[in-house]
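This report describes selected strands and helices of a predicted model. The sequence and structure are shown first.

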Amino acid sequence: MIEEPYRWVEAIANRREYIEGQLAPGSPIATLGYRKGILFFTLGQTRQKLFEIYDRIAMGAIGHPGDIERLRMAAIELASTEGFSRSAADVSLRRLVHYSLSPVMKSAFEQIYGPPYLARMLFAEVGARPEDDLFLRVEYDGEIASNGATYARARQDFAVLSGTRQSVELMETFLKNKHTPDSSFEAAVNAALDAWSIGHMLLQTTDAKQLPDPAAIAQHRQEQLATAAIEAAVLERDGSTAIRYRSLADNELRSLISD
Amino acid sequence: MDRSQFGFDQNFSGAADDFPSLLRRKGLLGPAVTGPMPQNQIQQQMWQPTEATTILAFKFSGGVLVAGDRRATAGNTVVYDRADKVLEIDKHSIMAIAGVPATAWEMARVLEHSLQYFRRTQLQEMSVDGKVRALSKLLRDNFGFVMQGVGVVVPIFATYNGNSKPEVRLYFYDAMGAQFEATDYAATGSGSPAVRGILYYENNWGRKPLHELNEEEAVSIALRALDTAAESDTATAGVDRSGKIYPVIKIVSREGITTLPENKIAAVFKEMVA
């Protein structure tokens, strides 16, 4: 049937609808650049969603655990062999995503007799200064969204990942107003938690165009904190050690959360 | 295994693969030569171990002290007088090397990356036994070169075991990859016979056994031992009094690895050794 072009387009559209449906309940991840590094933040109850990829690169993902695992392994393999054969400074997130992951995900998505990757990923690479931080979101079809400045919009010091487009958009709207790159760690944790709560609330509704009011956000976040564990990690900006990734324990963060 | 044109295998599962075999798959590391190579051209008497250096390690009250002199030689020529033979492999492990630098440094690099690769892919630290075994495997893979008289490496490995029974662990190896756990001290390299003599003497008849020494006493014994080795071994530099070049000394403990600053070593040297 794929000999007929419009059938192929139809098959791709069906496949997109199916994958979007599968990814829709995925719990959001908020990633914020702050003065001393990059914070990855999410709440969850079951699976690990944040991973170390290389010295300065980390990843958060939602989707099927098997697919996430294959992509995570591939990313680590590519970064590690590059870092070994050249140097850690030559491992670049931009190349990893643009030249290696994205083409593979695109071709898996479009070859409709093979399985696509049921995964959506968010990568961050910490720079020497906040202006050098790079955030890349990679979709199941290989599409890449970056935080970099284009003529259409200003550079962002954060990135988010969520189950639905609407949830992503409103999380970004919130962070655009509430987050600055020179904020403290504590401020970043609270902004990330609020952004997560907004993203999580919006997974339940279908046509919200505006941010929920602050009282509703506060209530939702209180409810979720009572039942779910915080999963968080940082990429530290401090250059004294090569490995910048550090995962944070739930109780390390609870004391920083303001009511 | 079918390789994708995009640089990674879509059906890849990394669970069974260790980092050296991944590097081999990508052509970034030479093949493992586990058996002796054909010896037609190379006569047996041409083979001589060239581990021209001295490294030592012993347990003291503050952990394991690992020290190495800084001379690199090629035959009778001194090539470099600031070589660093005491290498940090991860936050709690040190590999000190005696042997051919090209092979030894490459081996340390492979080991360092292997441990990181394991931690990142498997989401847990490699166990101490796993690390010790990983180094043993690298030595074994290098055995063909050893038999050809090039590339012999004889390392010491010191690490802190943070598991059920926290303690510092110390291992030494032979060129074929056999590992031996040292109870008190280890030394390898061309100057090691003298060092072993000193450490044995100190441990049995010194003022205190090695494991009771404080940091300053431990450093002074390490400096004295290296200086003694340098007295008769041309491949060992000991302490260069005129050039003010001191051995590299690192300590592994529960807190991680401490590199002793040169002025601290110089102060101990001035007071206790010179």
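## Strand β6 of chain A and its partners

M121(A) stands opposite V138(A), a residue of β6(A). The strand that pairs with β6(A) here is β5 (residues 119-125) of chain A; the two run antiparallel and are joined by five bridges. Strand β7 (residues 144-146) of chain A also pairs with β6(A), again in the antiparallel sense, over three bridges. In that pairing, R137(A) faces A145(A) of β7(A). β6(A) and β7(A) make up a hairpin with five residues between them, and G142(A) in the turn has a positive phi of about 90°.

How many residues of strand β6 (residues 134-138) of chain A are buried? Five of its five residues are, and the strand is mostly covered. L134(A), L136(A) and V138(A) point one way from β6(A), while F135(A) and R137(A) point the other way; all are buried.

## Helix α3 of chain A

Helix α3 (residues 93-110) of chain A contains 18 residues. From first C-alpha to last it reaches 24 Å, close to the 26 Å expected at 1.5 Å a residue. The helix α3(A) bends by about 35° at L101(A), and the proline P103(A) follows within four residues.

The buried residues of α3(A) are L93(A), L96(A), V97(A), S100(A), L101(A), V104(A), M105(A) and F109(A). An α-helix has 3.6 residues a turn, so residues three or four places apart point the same way. The elements that the buried residues of α3(A) pack against are β4 (57-63), α2 (65-85), β5, β6 and β7 of chain A. L101(A), where α3(A) bends, is among the buried residues of this helix.

## Residue A216 of chain A

A216(A) belongs to helix α6 (residues 214-227) of chain A. Is A216(A) buried or partly exposed? A216(A) counts as partly exposed because it has 13 C-beta neighbours inside 10 Å, and a buried residue needs 20 or more. M201(A) is 15 residues from A216(A) along the chain, and their C-alpha atoms are separated by 9.3 Å.

## The five-stranded sheet of chain B

Chain B has an open sheet of five strands in the order β10-β1-β2-β11-β12, with antiparallel pairing. β10 (185-188) and β12 (256-259) of chain B stand at the edges, and each has a single partner strand, so one side of each is left without a neighbour in the sheet. From one strand to the next the twist averages 15°.

Strand β1 (residues 55-60) of chain B runs antiparallel to β10(B), and four bridges join the two. One pair of bridge partners is F58(B) and Y185(B), the latter in β10(B). Helix α5 (residues 192-205) of chain B packs on the sheet and touches β1 and β10 of chain B; its direction makes about 165° with that of β10(B). Helix α6 (residues 215-232) of chain B also packs on the sheet, touching β1, β2 (63-68) and β11 (248-253) of chain B. The direction of α6(B) makes about 30° with that of β2(B).

## Two packed helices of chain B

Two packed helices are described by the angle between their axes and the distance between the axes. For α5(B) and α6(B), the axes come within 8 Å and cross at roughly 145°. The crossing of α5(B) and α6(B) is right-handed. On the α5(B) side the contact is made by A194(B), V195(B), I198(B), L199(B) and E202(B). On the α6(B) side it is made by I221(B), R224(B), A225(B), T228(B), A229(B) and S232(B).

Conventions:
Residues are numbered from 1 along each chain as its sequence is written. Chains are lettered from A and ligands numbered from 1 in the order in which they are written. This is a predicted model: local features need pLDDT of at least 70, side-chain atom pairs count only at pLDDT 80 or more; totals for chains, interfaces and linings use all residues. A residue is buried if 20 or more other C-beta atoms lie within 10 Å of its own, exposed if 12 or fewer, and partly exposed in between; C-beta atoms are placed from the backbone. Two strands pair if DSSP finds at least two bridges between them. Axes are lines fitted to C-alpha atoms, for helices over the stretch in contact, and angles run from 0 to 180 degrees between N-to-C directions. Two residues are in contact if their C-beta atoms, placed from the backbone, lie within 7 Å. The expected span of a helix is 1.5 Å times one less than its number of residues. The bend at a residue is the angle between axes fitted to the seven residues ending there and the seven starting there. A crossing is left-handed if the near helix is turned anticlockwise from the far one by less than a right angle, and right-handed if clockwise.
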